[in-house]
Amino acid sequence: MTIPAELVERLRDARNILVLTGSGVSAESGVPTFREAQSGLWENFDPLQLATPEAFLSDPALIWRWYRWRRELVAAVEPNPGHFAIARLESVVEQLTLVTQNVDGLHQRAGSSDVIEYHGNLFATHCFNRCPEAAPKCPANKADSPPQCGTCGGWMRPGVVWFGEAIPPAALAAADEAAHDCDLFLSVGTSSLVWPAAGLGELAMQSGATMIEVNLDATPLTEQSHFVLRGKSGEILPELVNSITV
Ligand code: APR
């Protein structure tokens with residue numbers, strides 16, 4: 001893919017970049033996305049049956065096993081060139097903030113630092129009753145059903161943000177600030193449908209940022225983007241970073 005010269009110039013001149021990623025950036029690692037036809041998780045599983053606090057309370061063991069299956073899947077794959085390119089970009093630009101909607105931890109495994117995990121992390125757990133400093137009574141990842149909280153005896157739950165739940169306040173504030181301050185916004189592998197993450201682009205645009213979208217399909221952000229690179233992030237992002245480093 002030829003990266004437009006004007007895009008290369010804007011990327012070279014950018015002083016403060018915000019990168020927002022979604023499940024598409026992990027697709028080439030073998031992690032299913034959420035909404036893609038046939039392969040997306042929500043094509044095969046009902047999110048309201050699996051990714052809500054109500055669903056957890058109605059069948060904790062089922063939900064726990066489903067997240068254990070996702071943890072094992074992610075533990076068995078590797079970051080792909082898209083993840084590594086973002087980590088490399090971080091090392092060659094003045095300031096870069098990486099906000100991910102992904103809960104797989106693959107950005108960190110690729111070397112990205114200070115990743116804002118907007119929707120939490122699959123490998124984290126916390127007490128359902130939000131006891132501070134709660135620790136599971138037994139090793140979480142071996143259990144067939146959710147372990148109990150060492151503080152209140154209630155359920156421990158996966159450390160992800162479920163539908164209907166608020167974004168962790170620190171992540172929300174840090175992402176909003178980065179969107180407000182950035183001069184270049186790079187959206188990668190997200191359908192830009194789920195809020196409030198989908199609103200970060202709008203915030204960046206209001207601040208006059210250059211808007212770049214790297215995605216397989218068109219999204220609500222496409223029309224608002226100055227540059228659209230249509231294709232696989234694992235192929236495009238290395239080219240993009242090469243364009244300002246090689
Ligand atoms: N390279 C680039 N883009 C890709 C690739 C790829 N290899 N594979 C898929 N895509 C694109 C698809 O075209 C789609 O637009 O990634 C997007 C994935 O969209 P979704 O499946 O909706 O995932 P995401 O945007 O991350 O979902 C947001 O919704 O279900 C919740 O909490 C969950 O964080 C998730 C949030």
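1. A salt bridge here means a side-chain nitrogen of Lys or Arg within 4 Å of a carboxyl oxygen of Asp or Glu. By that rule, a search of the whole structure, which is a predicted model, turns up seven salt bridges.

2. Now to the ligand. Where does the ligand sit? You will find the ligand in the largest pocket. Around the ligand there are 23 residues, and the closest are Arg35, Trp42, Thr190, Ser191 and Asp217.

3. The side chain of Ser191 places an N or O atom 2.6 Å from an oxygen atom of the ligand. In the side chain of Glu28, an N or O atom is 2.8 Å from a nitrogen atom of the ligand. With Gln101 the backbone takes part: one of its polar backbone atoms is 3.2 Å from an oxygen atom of the ligand. As for cover, the ligand taken alone exposes 730 Å², and the protein buries 95% of that.

4. Please also check the backbone at Pro196. The peptide bond joining Trp195 and Pro196 is cis, with omega about 10 degrees. Pro196 belongs to the loop that runs between strand 6 (184–188) and helix 10 (200–206).

5. A last stop is Asp114, in the loop between helix 8 (106–109) and strand 3 (116–117). Asp114 is not a glycine, yet its phi is positive, near 50 degrees.

Note on methods: Residues numbered from 1 in each chain as written. Predicted model: local features only at pLDDT ≥ 70, side-chain atom pairs only at ≥ 80, totals over all residues. Heavy atoms only, no water. Near = heavy atom within 4 Å. Polar contact = N/O pair within 3.5 Å; in protein donor to acceptor, adjacent residues only side chain to side chain. Areas by Shrake-Rupley, 256 points an atom, 1.4 Å probe, with all protein chains shown as cover. 1 Å grid on protein atoms, 1.4 Å probe; cavity = no way out; pocket = protein on both sides within 12 Å on 5 of 7 lines; lining within 4 Å. Sits in = over half its atoms within 2 Å of the grid points. Helix = DSSP H or I, 4+ residues; strand = E, 2+ residues; numbered from the N terminus.
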